[in-house]
Amino acid sequence: MRHEEITVQDSITADRFILRPCRKSDAGLIAMYAADDRVARGTRAIPHPLPPGSVEAMIERASQPDRIEDIWVIDGSAQGHAEALGLISLERMDRAQSEIFFWIAPAFWNTGFATEAVRALITSNPHKADRIFAEVFQDNPGSARVLTNCGFDYLGDAEAFSVSRNATVPTWTYTLKTGQ
């Protein structure tokens with residue numbers, strides 16, 4: 001499926017939350033979490049300190065019909081949790097492949113939310129990807145465990161630039177063959 005054919009981003013139900021498209025009203029809570037250096041250091045793209053308007057710009061990009069990345073808020077409000085627990089996204093690649101990215105707010109670390117969100121996204125497979133890739137910084141073994149717990153296989157070592165660290169950081173790369 002070509003990315004031009006995918007314009008609607010559906011919500012995905014998990015046991016303890018839903019994954020839903022970003023809304024403008026999410027900006028404050030997401031910005032509060034993303035401004036935490038512990039969150040920013042675990043990602044390639046979140047700067048630290050977080051510039052004003054950057055979350056609003058991300059939400060705007062996520063709503064564009066020509067986007068290459070779908071971003072979901074991990075929303076636990078229906079189950080008595082926070083309205084935003086973190087974010088998870090899929091970026092379209094070529095040859096029926098996608099790359100998954102995720103982060104959870106530090107208050108919700110070690111709760112299984114990341115594993116549940118990754119599993120829900122894999123099960124739904126909204127991009128109809130044959131293969132999903134992921135990478136984590138080597139100093140983030142918790143995220144590596146999330147991926148291996150969800151069936152990802154280790155592919156190899158690499159490096160990626162981290163905006164918040166202003167440095168190239170060693171990564172572990174993972175892959176998952178889907179049932180498509």
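1. R20 touches S11, D26, I71, W72, V73, D75 and E83, leaving aside residues up to four places away in sequence. The model is predicted, so these contacts belong to a prediction. R20 sits in strand β2, residues 18-21. Its relative accessibility is 4%. The cut-off for buried is under 20%, so R20 counts as buried. Among its partners is V73. R20 and V73 are 53 residues apart along the chain, yet their C-alpha atoms are separated by 5.4 Å.

2. Helix α1 spans residues 27-34 and helix α3 spans residues 54-62. Their axes come within 9 Å. They cross at roughly 120°. An angle of 65 to 115 degrees would count as roughly perpendicular, and one over 145 as roughly antiparallel. The pair is therefore oblique. The crossing of α1 past α3 is right-handed. On the α1 side, A27, I30 and A31 make the contact. By class, the contact of α1 with α3 has six nonpolar residues, no polar ones and one charged residue.

3. Which residues of α3 are buried? They are V55, M58, I59 and A62. Around the axis they cover an arc of only 100°, which puts them on the same side of α3. In general, an α-helix has 3.6 residues a turn, so residues three or four places apart point the same way. The cover over the buried residues of α3 includes α1, β3 (69-75) and β4 (86-92).

4. E60 is partly exposed, with a relative accessible area of 38%. That value falls between the limits of 20% for buried and 50% for exposed. E60 and C150 are 90 residues apart in sequence. In space they are 30 Å apart, C-alpha to C-alpha.

5. Helix α5 covers residues 141-149, and S143, A144, V146 and L147 are its buried residues. Viewed down the axis of α5, they fall within an arc of 155°, so they line one face of the helix. These buried residues pack against β5 (97-104), α4 (113-124), β6 (131-137) and β8 (167-177). G151 follows α5, and its phi is positive, near 95°.

6. F102 lies in strand β5. Is F102 buried or exposed? Its relative accessibility is 17%, so F102 counts as buried. Residues up to four places away in sequence aside, F102 touches L87, I88, A114, V118, S143, V146 and L147. S143, V146 and L147 are among the buried residues of α5. F102 and G42 are 60 residues apart in sequence and 9.4 Å apart in space, C-alpha to C-alpha.

7. T173 has its place in strand β8. T173 is buried, at a relative accessible area of 16%. Beyond residues up to four places away in sequence, T173 touches A134, E135, D153, Y154, L155, G156 and A158. E159 is 14 residues from T173 along the chain, and their C-alpha atoms are separated by 9.2 Å.

8. Now the peptide bonds. Most peptide bonds are trans. A cis bond joins H48 and P49, with omega about 0°. P49 is placed in the loop between α2 (37-40) and α3.

9. Next, phi. Most residues other than glycine have a negative phi. N110 has a positive phi, near 60°, and is not a glycine. N110 lies in the loop between β5 and α4. Its relative accessibility is 79%, so N110 counts as exposed.

10. N166 is also not a glycine, and its phi is positive, about 50°. The place of N166 is in the loop between β7 (153-162) and β8. N166 is exposed, with a relative accessible area of 61%.

Notes: Residues numbered from 1 in each chain as written. Predicted model: local features only at pLDDT ≥ 70, side-chain atom pairs only at ≥ 80, totals over all residues. Heavy atoms only, no water. Axes fitted to C-alpha atoms, helices over the stretch in contact; angles between N-to-C directions. Helix = DSSP H or I, 4+ residues; strand = E, 2+ residues; numbered from the N terminus. Parallel < 35°, antiparallel > 145°, perpendicular 65-115°, else oblique. Left-handed = near helix turned anticlockwise from the far one by under 90°. Contact = heavy atoms within 4.5 Å. Nonpolar A, V, L, I, M, F, W, Y, C, P; charged D, E, K, R; others polar. Buried < 20%, exposed > 50% of the residue type's maximum accessible area, 1.4 Å probe, protein only. Arc of directions from axis to C-beta.
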